[in-house]
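Colleague: I have the model open. Can you take me through it?
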Amino acid sequence: MLPRLGEQIILEGMNTYDVLIVGGGAAGLSAALVLSRARRTVVVVDSGAPRNAPAAHMHGYLSRDGMPPSDLLKTGRAEVTGYGGTIIAGRVDELVRDDGGGFTAVLGDGDQIHARRVLVTTGLRDELPDVPGLRDRWANDVLHCPYCHGWEVRDRAAGVI
Ligand SMILES: Cc1cc2nc3c(=O)[nH]c(=O)nc-3n(C[C@H](O)[C@H](O)[C@H](O)COP(=O)(O)OP(=O)(O)OC[C@H]3O[C@@H](n4cnc5c(N)ncnc54)[C@H](O)[C@@H]3O)c2cc1C
């Protein structure tokens, strides 16, 4: 029997939710907040490697300018759990469509999660050019976005790769 909307049940030892969100960066947590407030049972599985992790501060986000990206996520996680959302540190390795509708996610540690719907918010991964030393300087003085970090290097000589 399928659970009612908003009802989290244990089905044969497997956690069942309305929505599984794969990836708990800004996008996934925003969705989790809205869905939790809409009284859906929500689980976010996040492997903890957001795209902007190398950056010490984020900019251009009104009311959060200069905040460390990790603080934004910490605040977001607290907001989501405050509305009953569940956040799991882990990696979704496999998603299988169930016969009765919905999906089963298999996590890296073998745990399984069942959900009616799945939202994939796994972000982007930057593929850096193979230039010696570039990776060490990434997000520091090798920058990809003038709107995010141009101010921090203003009036300095710049090279473009
Ligand atoms: C160096 C740098 C600096 C930046 N600075 C700024 C800035 O100053 N201002 C600004 O507005 N934007 C900035 N950005 C852009 C910003 O980082 C992205 O817009 C934002 O992170 C996108 O959020 P997201 O949730 O889509 O993805 P992400 O933040 O990348 O989050 C995706 C999450 O999904 C997880 N994940 C991936 N695969 C799986 C899986 N299979 N199972 C479970 N979890 C998984 C990852 O671990 C990660 O935590 C910057 C980007 C970079 C690279």
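Modeller: One term before we start: a crossing is left-handed if the near helix is turned anticlockwise from the far one by less than a right angle, and right-handed if clockwise. Helices (H or I, at least four residues) and strands (E, at least two) are DSSP runs, numbered from the N terminus. This is a predicted model, where local features need pLDDT of at least 70 and side-chain atom pairs count only at pLDDT 80 or more, while totals for chains, interfaces and linings use all residues. Residues are numbered from 1 along each chain as its sequence is written.

Colleague: Fine. How does α1 pass α2, left-handed or right-handed?

Modeller: The crossing of α1 over α2 is left-handed. Their axes are 9 Å apart, at an angle of about 20°. Axes here are lines fitted to C-alpha atoms, for helices over the stretch in contact, and angles run from 0 to 180 degrees between N-to-C directions. α1 is therefore roughly parallel to α2 (under 35 degrees; over 145 is roughly antiparallel, 65 to 115 roughly perpendicular, the rest oblique).

Colleague: Which residues of α1 and α2 make the contact?

Modeller: From α1, A26, L29, A32, L33 and S36; from α2, L72, L73, G76, R77, E79 and V80. In contact means C-beta atoms, placed from the backbone, within 7 Å. By class, this contact has seven nonpolar, two polar and two charged residues. Ala, Val, Leu, Ile, Met, Phe, Trp, Tyr, Cys and Pro count as nonpolar, Asp, Glu, Lys and Arg as charged, and the others, Gly among them, as polar.

Colleague: What about the overall layout? How many helices and strands?

Modeller: Four helices and seven strands, running β-β-α-β-α-β-β-β-β-α-α from the N terminus. The C-alpha atoms fill a box of roughly 65 × 35 × 20 Å along the principal axes.

Colleague: Where are the domains?

Modeller: Domain 1 is 9-125 and domain 2 is 127-161; such bounds come from an automatic or database domain assignment. Their centres, taken over C-alpha atoms, are 30 Å apart. Five residues of domain 1 are in contact with seven of domain 2.

Conventions: Two residues are in contact if their C-beta atoms, placed from the backbone, lie within 7 Å.
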